[in-house]
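This briefing sets out how the chain below is arranged, from its overall layout to selected residues. It is meant to be read with the sequence and the structure in view.

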Amino acid sequence: MQTVEEYLTIEELSGRLKVKPKTIQNKMASGIFQKGVHYFSPKGLRPRFKWSAIQAWIEGTDAQEQAGGIPMARGYT
């Protein structure tokens, strides 16, 4: 059985999603991928993406609810 790495670099995530690294960076800049929900920036390292949060985004489930966020009226997060 193959284990899946939970934390990925921009390059690793772009390879898994089959998009260019710039696409990932654009999603970060526009707020689609949110710091503290989809990715983290450990001291001294570049951003690391949490694969389970990215999967939740792909599948359309609310990653903030899974992370303990409070759902807001009209779907705002």
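**Overall layout**

The protein contains four helices and three strands. The model is a predicted one. Read from the N terminus, the order of the elements is β-α-α-β-β-α-α. Of the 77 residues in the protein, 23% are buried. When contacts between residues at least 6 apart in sequence are considered, 44% of them join residues at least 24 apart.

**Packing of α1 against α2**

- Helix α1 spans residues 10–17 and helix α2 spans residues 21–30; their axes come within 8 Å and cross at roughly 110 degrees.
- Angles of 65 to 115 degrees count as roughly perpendicular, and α1 and α2 are therefore roughly perpendicular to each other.
- On the α1 side the contact involves I10, L13, S14 and L17, which meet P21, I24, Q25 and M28 of α2.
- Sorted by class, this contact of α1 with α2 comprises six nonpolar and two polar residues, and no charged residues.
- An α-helix has 3.6 residues a turn, so residues three or four places apart point the same way.
- S14 is located in helix α1 and is buried because its relative accessible area is 5%, where the limit for burial is under 20%.
- With neighbours within four places in sequence set aside, S14 is in contact with V19, K20, P21 and I24.

**The loop between α1 and α2**

- K18 is situated in the loop between α1 and α2.
- Although K18 is not a glycine, K18 has a positive phi of about 60 degrees.
- K18 is exposed, since its relative accessible area is 74% and exposure requires over 50%.

**The nonpolar core**

- Ten residues make up the largest nonpolar core, namely L8, I10, L13, I24, M28, F33, Y39, F49, W51 and I54.
- Helices α1, α2 and α3 (51–59) each contribute at least two residues to this core.
- Among the core residues is M28, which touches I10, F33, Y39, P47 and F49 when residues up to four places away in sequence are not counted.
- In α3, the buried residues are W51, A53, I54 and A56.
- Just after α3, G60 adopts a positive phi of about 85 degrees.

**Aromatic pairs**

- The count of aromatic pairs comes to four.
- One of them joins F33 and W57 in an edge-to-face arrangement, with 5.0 Å centre to centre and 75 degrees between the planes.
- This pair links distant parts of the chain, as F33 lies in the loop between α2 and β2 (39–40) and W57 lies in helix α3, 24 residues apart.
- F33 counts as buried because its relative accessibility is 1%, whereas W57 is partly exposed because its relative accessible area is 33%.
- Y39 and F49 form a tilted aromatic pair, with 5.4 Å centre to centre and 40 degrees between the planes.
- Distant parts of the chain are again linked: Y39 is in strand β2 and F49 is in strand β3 (residues 48–50), ten residues apart.
- Y39 counts as buried because its relative accessibility is 10%, and F49 is buried because its relative accessible area is 0%.
- F33, Y39, F49 and W57 together form one aromatic cluster.
- F33, Y39 and F49 also belong to the largest nonpolar core.

- T9 is placed in the loop between β1 (7–8) and α1.
- T9 counts as buried because its relative accessibility is 18%, and the limit for burial is under 20%.
- Not counting residues up to four places away in sequence, T9 touches P47, R48 and F49.
- F49 is therefore touched by T9 and by M28, and F49 is also paired with Y39.

Technical notes:
Residues are numbered from 1 along each chain as its sequence is written. This is a predicted model: local features need pLDDT of at least 70, side-chain atom pairs count only at pLDDT 80 or more; totals for chains, interfaces and linings use all residues. Side-chain values use heavy atoms; hydrogens and water are left out. Axes are lines fitted to C-alpha atoms, for helices over the stretch in contact, and angles run from 0 to 180 degrees between N-to-C directions. Angles under 35 degrees count as roughly parallel, over 145 as roughly antiparallel, 65 to 115 as roughly perpendicular and the rest as oblique. Contact means heavy atoms within 4.5 Å. Ala, Val, Leu, Ile, Met, Phe, Trp, Tyr, Cys and Pro count as nonpolar, Asp, Glu, Lys and Arg as charged, and the others, Gly among them, as polar. A nonpolar core is a set of buried Ala, Val, Leu, Ile, Met, Phe, Trp, Tyr and Cys residues joined through side-chain atoms within 4.5 Å. Buried means under 20% relative accessible area, exposed over 50%, partly exposed in between (1.4 Å probe, protein chains only). Rings of Phe, Tyr and Trp (its six-membered ring) pair if their centres lie within 6.5 Å; planes under 30 degrees apart count as stacked, over 60 as edge-to-face and the rest as tilted.
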